[in-house]
Each structure stands twice: as structure tokens, then as C-alpha cells.
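Please look over the structure below.

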Amino acid sequence: MKLLASVFLLLLFTNVAWAEGNCPAGMYPNAGGCAPIPPGPATNNQDLVDKLRNTGPNPNAPAVLPTVDTYIAVALHPEADDPWARWNTQDQNVSTRVLNACEEVMKDKRCTIVGEGKNIAVAIGYKSNHLMDAASGKDPWAAKENLKKKCGSDCLVGAVFAAHPVIRTDWADADIKGYLPTKETVRLKSQNALNLQPLPK
């Protein structure tokens, strides 16, 4: 009897780890007693965290396509009701080209760049049916808001030009946009005022 009591006490105070259902570690209870836990998916939260940490990027995530930046420049002349603009071009010297186009038509050096940059938008505004001002912003909505602050509440948004990053694989020269009036097409302030209507809200 003493021997049985000693074995019982020995088992009581030993550090044997038991899993659920009185099965040892690495085993789980089943109808026939205890069975080994099969290798495979994570068996607890820490195993799952470790597994996810070591797997790297998600192979099912969508691919990030390479993009290229595009540039914009808009010029105005004090006697013209038209802007000169070029956008969605990779040409970083677009400001010089737009300025030259304006000066060639207007035959003087009073053309000024009113908006230029990379991946931005430029809005032009009219007051009393004449081209008055321009403002830029990070996107067309910001450019319009900046124009209203600069030009006033009675300023009408005439146009918004925007340059934005394009997917490199989709790039083509046809994507370059421009509005470059010629001597024959430019609208001058000395002519009749433009019949501009407010944009619908």
C-alpha cells in the first residue's frame, strides 16, 4: 500500500505536460484515447503569427504596375482669351515649349506660365467673359477650389487641364494632350467678349 501511495504522490508532483482531454503534449483526444497531432496548419495563435510572418508578401495580392510621371504647363497672355496648354507629357521642358508657342502667336514676350508641374491640375477662370486667371492643385477638384479662392465667386471655371501618372505599359504619344491656339484660332480680348455660361453644379 505504501508503494502504491508513493507512486501516486510521485505522479502527482512530476512536471508532465498534458494536453486537452488528459493527453500528453503533441497529442489530441479521440475515440480510441490519444492520437498524435498531424503536421500541417498552425495549431495555436502564436504558430499562426509565426507562419504568417515567415511567408513574405501575399502571393495573391494584385501586382503593382509601374507608372511614369507626366508634366503640364499653361500660359496666358494679357490680350488673349485663350490659354496655351500642354499636359500628360513626359517632356520636363514643357513650360518652355508652351511659352514659345504663346509668344509665336502673340508676337511679344508678355506670355506667362500660370501653372506648371508634375502630376498636377491647372484650372483657368473667366470673369465678365474674359480670361482672367489660373490656379493649380493636386487634382482637378483642388485646382478648381484654388481658382475660386484666387479669382472670386463670380469667376467661372473655363477649363481644367490635368497631368497624372500613367501606367508605363499603356503609354503612347497619343496620350499627350494639348491646347495650343494658332494666329488663326486665338480669341483676343479686343474681339467680342466670349459668351461663357457657368458650369452646371
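## Cys-102 and Cys-111

Cys-102 and Cys-111 are both buried in this predicted model. Each therefore has under 20% relative accessible area. A disulfide joins the two, with an S to S distance of 2.0 Å. The link of Cys-102 and Cys-111 is left-handed, with -80 degrees about the S-S bond.

A disulfide is a covalent bond between the sulfur atoms of two cysteines. The structure holds two of them.

## Cys-151 and Cys-155

The other pair is Cys-151 and Cys-155, joined by a disulfide at 2.2 Å from S to S. Which hand does the disulfide of Cys-151 and Cys-155 have? The torsion about its S-S bond is about 75 degrees, so this disulfide is right-handed. Are Cys-151 and Cys-155 buried or exposed? Both are buried.

Strand 7 covers residues 84-89. Why is strand 7 described as largely enclosed by the rest of the structure? Five of its six residues are buried, so the rest of the structure largely encloses it.

Strand 7 pairs with strand 6, residues 71-76, in the antiparallel sense. Four bridges make up this pairing. In one of them, Tyr-71 has Thr-89 of strand 7 as its bridge partner.

Strand 7 also runs antiparallel to strand 13, residues 177-179. Three bridges join strand 7 and strand 13. Here Arg-86 is partnered by Gly-178 in strand 13.

Definitions and conventions
Residues numbered from 1 in each chain as written. Predicted model: local features only at pLDDT ≥ 70, side-chain atom pairs only at ≥ 80, totals over all residues. Heavy atoms only, no water. Disulfide = S-S within 2.5 Å. Buried < 20%, exposed > 50% of the residue type's maximum accessible area, 1.4 Å probe, protein only. Helix = DSSP H or I, 4+ residues; strand = E, 2+ residues; numbered from the N terminus. Pairing = 2+ DSSP bridges.
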